[in-house]
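Hi,

Here is the structure I said I would pass on. Have a look at it first, then read my notes below.

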Amino acid sequence: MTDEKETKGAPAKKQKLNLNRVDMPKQSEHERRHNFDEVALGYTWELAKEEASRCIQCKKRPCQQGCPVNIDIPDFIAALQREDIEEAAKVLKRKTSLPGVCGRVCPQELQCEEACTLNKKGAPVAIGRLERFIADWERTQGTPTMPEMAPSTGKKVAVVGSGPSGLTVASDLAILGHQVVLFEALHVAGGVLMYGIPQFRLPKEIVQREVQYVQSLGVDLRLNTVIGINYSLDELLRTDYDAVYLAPGAGLPKFLGVPGENLNMVYSANEFLTRTNLMKAYRYPEYATPIKMGKKVAVIGGGNVAMDAARCAVRLGAQEVYVIYRRTRAEMPARLEEVENAEEEGIQFHFLCNPTAFLSDGRNNVAAMELIRMKLTEPDESGRRRPVPIPGSEYILDVDTVVVSLGTSPNPLIPSTTPDLNVTRWGTVVIDERGRTSKARVWAGGDIVSGGATVISAMGEGRIAAASMHEYLSNGQKKIIPPSPAQDDDKTQ
Amino acid sequence: MYPIVDHEVLAPRVHRLRVKAPVVAEKAKPGQFVILIIDEKGERVPFTISDWDTGAGTVDFVFIEVGKTTQQLAGLQPGDALLSFIGPLGRPAEVDHYGHVVSVLSGYGLAAMVPILKALKEKGNTLTTIVQAPDPERLFGQKPLEELSDTVIWALGTKGDGMMESTTVAMRKLLNQHPRRRIDRVIAMCSLCLMRVLSEMTRPYGIKTMVHLTPVMVDGTGMCGACRLSVGRTNRFACVHGPEFDGHEVDGWEVLMARRCTYADESILQQGFQCRGCSQW
C-alpha cells in the first residue's frame with residue numbers, strides 16, 4: 001500500500017479520507033427503455049458539493065496529467081469546495097470549450113479518475129460528474145463566461161470538420177487571436193457528437209450550446225461545405241488561409257465481408273445512428289426521416305458505438321437486442337459504464353461468436369444469421385489473445401435487423417484530392433508528435449489520424465496541433481513557404 | 001439558406017427547381033448530384049443535377065412527385081429557401097470519345113442526362129437517345145434531347161407516329177444492327193429494373209453499359225454506408241464511388257432493388273408506385 005506516501009502532500013491538517021463516491025441519479029431501467037431522454041440525470045448542487053468535498057487537493061495533481069486536454073481539475077474542484085461555481089466554470093473554460101460534452105462522454109475511468117489519488121482506495125473523485133454539473137449550471141445562467149481573448153493577429157486559419165477535434169482547434173486558435181473559419185460537410189455542426197452519440201447519452205441541445213459558444217469566440221462556421229469537393233485543400237492554402245487543420249472524421253463503414261451482408265435491414269452502425277440521432281428518426285413522422293426496425297436485432301461489435309446502437313434499438317421498440325462479439329467481455333472496448341447500462345436495459349450479450357453469413361427470408365430481407373463459435377488463442381508475443389473459429393460449431397440465430405458496428409475507414413475525400421498528403425496504408429493521415437502532416441501549413445487530428453478513437457483523444461490531438469499552429473502563425477514569418485510547386489508537380493505526375 | 005429562384009412544372013407531377021447555390025454551381029460536372037434538406041425536420045434526399053450556371057450561381061434539378069419530400073418540394077416557389085443543399089457529390093460521369101453512344105432515359109433522367117449528352121457531343125460522339133415515358137402527356141424536355149442527339153427514339157407506350165412501344169424493343173432493334181451499325185457504349189439513367197434488363201441485353205455483345213444507380217442515401221458524403229452495393233464482388237458506395245457504374249459488373253441486382261424500396265411505404269405516398277412482383281410490397 002503506497003497511499004500513505006502518496007497523500008503526504010495533502011493539506012497539513014489530517015483529514016479522514018471519504019471513500020463514499022456520490023452516485024449520480026439515473027432514469028430507471030424500465031422507464032428509459034421507452035424514451036430518448038438522457039439516462040444520467042446529473043448531480044444536484046447538494047450532491048456536487050458533497051462529492052467535491054472528497055477531493056483532498058493533493059499537490060501532485062495526477063488527475064490533471066491524466067487529462068488529454070490538461071484541465072486544471074484540482075482548481076475547479078477547489079472552487080466548488082468554496083461554493084464558487086462561477087469560478088469553477090472559468091477554470092474549466094481555460095482548457096475546454098466543451099465541458100458539457102466531456103463531462104458526459106469522456107472515459108474518465110481511464111484518464112483523470114484513473115490517476116486520482118483516491119483511486120488507490122478504489123473511490124476516485126467523480127471528476128466527470130462534477131465537470132458536467134458545472135457545465136449544466138453555467139447553461140442555466142444565461143450568458144456563458146468568456147475567456148480573455150488575445151488581440152487579432154491578422155492570421156487566418158481553416159478548420160475542416162466541426163467534430164470534437166475541430167471545435168477544440170477552432171476555439172483555441174480563436175482565443176489566441178487568429179481568424180478561424182470552421183467548415184462542416186453536414187447541415188449541423190458537431191460531427192460525431194451529433195450524428196453518432198445518441199440523445200440519451202449526450203443531448204443535442206448541449207452540443208449545440210457548446211457549438212454556439214465556440215462561435216461566440218468569433219469562429220465563422222460554414223455548414224454544408226465539403227472540403228475535397230467544394231474547395232480542395234490546395235485551394236484553401238492558395239487563397240485565404242495561412243494554415244489548415246484537418247479533422248474530417250470517420251469515413252466509410254467497415255463490413256464483415258460475409259454473404260448476405262447487403263440484404264435489406266442490415267445496417268451499418270453509422271447509418272443506423274445517423275438516421276436515429278442526426279435525423280431524429282425516433283421522432284418520425286414529425287421528422288421526415290424514417291428508420292425500419294424489426295423485433296429481433298443483432299448488433300455486431302463490442303465498442304461504444306455498438307452499445308449506442310443496441311441501446312437505440314431498445315428505444316426504437318425492438319423486443320430482443322443481442323450484442324454479438326467475437327472475444328469475451330474482458331476484451332470489449334466499450335466503456336464498462338455503457339456495458340452496464342446496456343445490460344440494465346435488457347440487452348443480451350453473445351460472446352465468442354462471429355457471423356459467417358446472413359440469410360434471406362426469400363424476399364431479400366435478413367431473416368437469420370449463421371454464427372460460428374470462437375475461442376481465444378494463448379497470448380502471442382504482444383500478449384494479445386486472438387479469437388479463432390471453432391470448426392463445425394456453426395449455428396443459426398433468428399434476427400430481422402442487423403447493425404454492423406466494426407468501425408470505419410478514414411474519410412478518403414481529402415487524401416484522394418491531395419496527392420502530396422502522406423497517408424498510411426489504412427488511409428489515415430500521417431502526423432508527427434505536434435500534429436503536423438507531410439504537407440506544409442497543414443495539421444491533422446481526430447479519426448482521420450487515429451482511424452477511430454474517443455472524443456477526448458480527438459480533442460487532445462486538437463489541443464497539441466493548435467499549439468503547434470499558433471507557434472507557426474506567430475513566429476513572425478509572413479505568408480510563408482508555399483509548398484514548392486516544382487516538388488508538387490513531380491509528385492502528381 | 002438556399003433560395004429557390006425558379007420553379008417550372010414540366011409535366012404532370014414533374015418539376016424543375018432552380019436553386020441559388022454558387023458554391024455547388026462552381027464545381028458541378030455532368031452526372032453529379034446534390035443532397036438537400038427542405039427544413040429542420042426534413043430528410044436528406046439526393047437529386048441529380050440537370051443544369052447549372054456558374055455565372056448566376058444556380059443549380060437545376062428535376063424531380064417527380066412520388067413521396068413526402070418531393071410533394072413538399074413541389075409546393076415551393078421562388079422566395080422560399082432550402083435549409084441545406086450540398087454538392088456536387090459523387091463522381092462525374094465518364095465522358096470521352098467513344099464513337100456511337102446509345103443512351104436510355106426515363107423519369108428524371110430526361111433532364112439529368114442532358115449535361116452528359118452535351119459533354120459526349122463535345123467529344124464528337126454520335127448520339128442515339130431512347131426516351132421512355134409512360135405516355136406523351138408525361139413527356140418533357142424534348143428540345144435539348146432532339147438538339148443534342150443525332151437520333152431520338154421515343155418509347156411512349158403507343159405504337160404509330162414513329163413511336164416505339166417500349167425501350168427494350170427499341171434497344172433490341174439497335175442491337176440487331178450491331179456491329180453493322182456499331183454501338184460503342186450504352187448509358188442508362190432510368191428505372192432500376194430497366195437498367196438491369198438493358199445490362200443483360202448488352203452483355204452478350206460486350207458493349208460497355210454504364211448505369212446511373214440511385215440507392216437510398218442518408219449523408220451522401222461517404223460516411224453512412226446506406227448506399228452500398230456489390231460491384232465486381234466488392235462493396236462500393238454509390239455516393240463516393242458512383243453513382244455511375246458498369247452495369248455488367250453490378251452483382252446482386254435483386255438485393256439492390258429490395259434495398260431501394262426499404263422505405264417505400266414510409267416515404268412514398270403515391271399509390272400505384274409499385275414494380276410488378278416487387279419483394280417489398
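Two residues count as in contact here when their C-beta atoms, placed from the backbone, lie within 7 Å. Keep in mind that this is a predicted model.

With that cut-off, 37 residues of chain B are in contact with 33 residues of chain A. On the chain B side, the elements that give two or more residues are α1, α2, β7, β13, β14, α9 and α10 of chain B. The largest share, five residues, comes from β7(B). Sorted by class, this side of chain B has 16 nonpolar, 12 polar and nine charged residues.

Now for chain B as a whole. It has 10 helices and 16 strands. Its radius of gyration is 18 Å, close to the 19 Å that the globule rule gives for 281 residues, so chain B is as compact as a globular protein of that length. The C-alpha atoms of chain B fill a box of roughly 55 × 40 × 35 Å along the principal axes. Buried residues make up 50% of the chain.

The crossing of α6(B) and α7(B) is right-handed. Thr167(B), Thr168(B), Met171(B) and Leu175(B) make the contact from α6(B), and Leu194(B), Val197(B), Leu198(B) and Met201(B) from α7(B). By class, that contact has six nonpolar, two polar and no charged residues.

Cheers

Methods. Residues numbered from 1 in each chain as written. Chains lettered and ligands numbered in written order. Predicted model: local features only at pLDDT ≥ 70, side-chain atom pairs only at ≥ 80, totals over all residues. Helix = DSSP H or I, 4+ residues; strand = E, 2+ residues; numbered from the N terminus. Rg over C-alpha atoms; globule rule 2.2 N^0.38 Å. Buried ≥ 20, exposed ≤ 12 C-beta atoms within 10 Å, placed from the backbone. Nonpolar A, V, L, I, M, F, W, Y, C, P; charged D, E, K, R; others polar. Left-handed = near helix turned anticlockwise from the far one by under 90°.
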